[in-house]
Amino acid sequence: MSLPERLKGEFTTLSLVLMPIAIAINIVGGIFIVALKLPIYLDSIGTVLVGILVGPWAAAVTGALANIIWGLIMDPVAMPFAITSFFIGLTAGFLAKKGYFQTFGKSMISGFCIGLVGAIVSTPIVVYLFGGVTSSGSTFITAYLLATGKQLFFSVFSSSMLSDLADKLITAGIAFYIARNLPERIRSRFSQSTGA
Amino acid sequence: MQIRQLFIEQDSYPHRLAPTTKLIGVLAVLSLAFLFPWHWTPIFLLVGLFLVAYQARVAKRFADIVFKSALPYLLMLFAMQSLFYPGGQTEIGQLGWFTIYAEGVHYATVVSLRILSMISGLVLVQLITDPAEMMTDLEQNGLSPKVSYVIIATLNILPFMLGRANAILDAQRSRGLETEGKITTRAKALLSLIGPLVVGTINDVQDRAVALELRGFSRKGSRTYLQSFGGTAKENLLRRVLWLLAALGVVGRVITWLF
């Protein structure tokens, strides 16, 4: 299938209806994190889930729109990270297509790759746009590395690797369990239903 | 967690501008702030944005929101860069064990002015634009109706999902779900909270899709709009000026690269 055809296959009415729900899951997941006082963000469960159920391009668009909407209603600083979320969705979708969400072990590999991609894409944004600072706690790690004489780029990359990796491993694990436990009646409606 | 609706309805010239004109304005602000080689451009942008907010009679709320969203971030930036800026040469003071470097303070000031302009531009355009009108105007300028559906639907769905999330939290707690204690206990609880939320809402997907299809959602051909925006000679001129300013930032950057 050529790229335009594949794109068309991913953006059916059904998957377009799934996207707002996925974006809302990304945002609302934060409520549970606050209630359970967990030191992670978990803001891409919906994106990864679209990657598993529908495919890479739908997930990429979901991720990017999620950040734009997050920027609109909560924190404008989130908007530039739409690029990061785009690539997180893309990675998750491609991995799902290759079967990397079929077992729990494989979805951990996916989580690792997604975390790595996330850190690679967000580092230049943090460094060049925001002078190395984000509103999350990982900034303290960045500051510590800078204080020990490391370069800004290296410091930001290492701190986002540390914080993103744990986050994306958990995200991938949860997305795997949800996709697997969806009723067959729901899962079979999506194009990439063999993903998990 | 709070969801804010920024738009404030007023009758003013900035309010009456077409939503896309305001977006081109944001683009010009971003391009001048981040790309234009002169470091102090953002000061003029900030003054300009504030004047527009004043004219639109939203100045107080504008200043309030920008201040609140930028402050924690700016504090971190100044603390980090003035103390740990790599390659700092000129010492200008001491803070406990740390030395404050002039280069770091200068760098932090430049970056924070840019960030302030970005936040101000984005906040201002939302304060003076109805989100539904924004999507309609974007659609008329070529944005896919599907994208605008996703955005509008998300904004509509969010309050409902927040309510649902809180209900699930209460329901699971009353069944004895442990939401306190060791970190592994709390992490396990996560699955019993997110699971029901996702499965419950995905269940509605099919119904929504059918409802949209019945209303001709994926029909081919052009749409007729109830509203249209802009089109006056004055506004077209303004749009051209804003495009020019946006281009100026890029051109300025390219020139400094070349020479």
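This is a predicted model: local features need pLDDT of at least 70, side-chain atom pairs count only at pLDDT 80 or more; totals for chains, interfaces and linings use all residues.
Local features need pLDDT of at least 70 and side-chain atom pairs count only at pLDDT 80 or more, while totals for chains, interfaces and linings use all residues. Residues are numbered from 1 along each chain as its sequence is written, chains are lettered from A in the order in which they are written, and side-chain values use heavy atoms, with hydrogens and water left out.

View 1. Helices are DSSP runs of H or I with at least four residues, numbered from the N terminus. B:Leu83 counts as buried because its relative accessibility is 15%, the limit being under 20% with a 1.4 Å probe and protein chains only. Leaving aside residues up to four places away in sequence, B:Leu83 touches B:Phe78, B:Leu95, B:Phe98, B:Thr99, B:Ile100 and B:Tyr101, where contact means heavy atoms within 4.5 Å.

**View 2. The contact between chain A and chain B, with 63 residues from chain A and 62 residues from chain B.** The area buried between the two chains is about 5,600 Å², of which carbon and sulfur atoms give 81%; this is the accessible area (1.4 Å probe) lost on putting the two parts together, summed over both. In chain A, A:Phe32, A:Leu36 and A:Ile73 lose the most area to chain B, together 12% of what that side buries.

**View 3. Helices on the side of chain A that touches chain B.** Among the elements giving two or more residues to this side are helix H2 (13-36), helix H6 (104-130) and helix H8 (152-181) of chain A, and the largest share, 19 residues, comes from H2(A).

Terms used: Buried means under 20% relative accessible area, exposed over 50%, partly exposed in between (1.4 Å probe, protein chains only).
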